[in-house]
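Please look over the sequence and the model shown here before reading on.

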Amino acid sequence: MGDSELLPPGVIVVTGASRGLGRGLVEHLLGLGRPVIAVARRFPEDDGAAAPDPTRLIQVEADLSSTDGIEAALAAIRAGLGSRPLAALVNGAGRITPIGPLAGHSSDDLLAAFTLAAVAPARLSTALADRLVPGGRVLNLSTRSAHATFPGLSLYCLSKHALRSVTRSLQLELPATVGVADLIPGEVDTAMQADLRAPDPADFPLASFFRANEVNLIPTDVAVAFLAWVLLATPLDSFRREQPWYVYDPADQPQWLPEGVAFTYSEP
Ligand SMILES: NC(=O)c1ccc[n+]([C@@H]2O[C@H](COP(=O)([O-])OP(=O)(O)OC[C@H]3O[C@@H](n4cnc5c(N)ncnc54)[C@H](OP(=O)(O)O)[C@@H]3O)[C@@H](O)[C@H]2O)c1
């Protein structure tokens, strides 16, 4: 890809950065020399030792499924930014569990799912918008479950549908100097997919689909290459398109696939 970077200089905030796509993106950004503020509930023990320089990486531990956690994260992000410019916010934190029918979920489960998937991106984006440099970007990690509803995935689907609406509101309401988009990374080989394979198919019939689909999973580094290209290398007016960026879109693949890598992962 060779991230020919069109994103202006500045700090990039990434939520959901302790593992999976978020962690992969943070490592990619650090490799490019981009300063990062990473957010998750807990980071692996050895991370602090690997990246002690706070001008490169600040790790914020906060629970984005509670409003108190969101406000704590915001305070820590602002403190971490100091006077530095903010180039982008990537709302990546997500959770597929608890899996099961809507009837089995408590009001607290519903609120936590909404808060993590939709309230946190809405609040972080709007509260940090005035820190974004001209040409700065907000990128929300979406899913096919923001557009379709699947049995047993009620919490995930309803909360990601809400995130889709958050993205559209931000596109319509944030200043024109800021780009907002959402992105569907596809079926990626992360802990989230393991959570989808784990249940007994008697309780969650789609577990059989996710078990069979393991052979089609996109490696995290390939999905991260797509994410990084969309975030860093697309022109602002292309970036902020109404429909989500979609990893399976063959028209885009020649632009972001790393050299020598073929995209052999079938669209489910
Ligand atoms: N993998 C896929 O196939 C796939 C497909 C479509 C969309 N996506 C989307 O891509 C994003 C990343 O998914 P992934 O596959 O990388 O998942 P993952 O490996 O399970 O990572 C999820 C990240 O979110 C963080 N997180 C979860 N709950 C949180 C909370 N309450 N507060 C703060 N952070 C929290 C986790 O850290 P802690 O647990 O330490 O807090 C972790 O860093 C998600 O938004 C997901 O919906 C993934």
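## The shell around the ligand

In this predicted model, three helices each supply at least two residues to the shell around the ligand, namely α1, which spans 20–31, α5, which spans 154–173, and α6, which spans 191–197. Of the elements, α6 gives the most to this shell, with three residues.

The ligand is surrounded by 30 residues, and the closest are S18, R41, D63, Y156 and T190. When the residues of the shell are sorted by class, 13 are nonpolar, eleven are polar and six are charged.

## Polar contacts and cover

Which parts of L21, V188 and Q193 face an oxygen atom of the ligand? For L21, a backbone N or O atom lies 2.8 Å from an oxygen atom of the ligand, and for V188, a polar backbone atom is likewise 2.8 Å from an oxygen atom of the ligand. For Q193, the atom in question is an N or O atom in the side chain, and it is 2.9 Å from an oxygen atom of the ligand. The ligand on its own has an accessible area of 880 Å², and the protein covers 96% of this area.

## The cavity

The structure also holds one cavity of 30 Å³ or more, and the volume of the largest cavity is about 50 Å³. Its lining is formed by T15, L64, N91, G92, A93, L116, A117, A120, P121, L124, K160 and L163.

By class, the lining of the largest cavity has eight nonpolar residues, three polar residues and one charged residue.## The chain as a whole

The secondary structure of the protein chain comes to ten helices and seven strands. With 268 residues, the chain has a radius of gyration of 18 Å, which is close to the 18 Å given by the globule rule, so the chain is as compact as a globular protein of that length. Taken along the principal axes, the box that the C-alpha atoms fill is roughly 55 × 45 × 40 Å.

## A cis peptide bond

Most peptide bonds are trans. The bond that joins T97 and P98, however, is a cis peptide bond, with an omega of about 0°. As for its place in the chain, P98 is found in the loop between β4, which spans 86–91, and α4.

How values were computed. Residues numbered from 1 in each chain as written. Predicted model: local features only at pLDDT ≥ 70, side-chain atom pairs only at ≥ 80, totals over all residues. Heavy atoms only, no water. Near = heavy atom within 4 Å. Polar contact = N/O pair within 3.5 Å; in protein donor to acceptor, adjacent residues only side chain to side chain. Areas by Shrake-Rupley, 256 points an atom, 1.4 Å probe, with all protein chains shown as cover. Helix = DSSP H or I, 4+ residues; strand = E, 2+ residues; numbered from the N terminus. Nonpolar A, V, L, I, M, F, W, Y, C, P; charged D, E, K, R; others polar. 1 Å grid on protein atoms, 1.4 Å probe; cavity = no way out; pocket = protein on both sides within 12 Å on 5 of 7 lines; lining within 4 Å. Points joined across faces, edges and corners; volume = space filled by probe spheres on them. Rg over C-alpha atoms; globule rule 2.2 N^0.38 Å.
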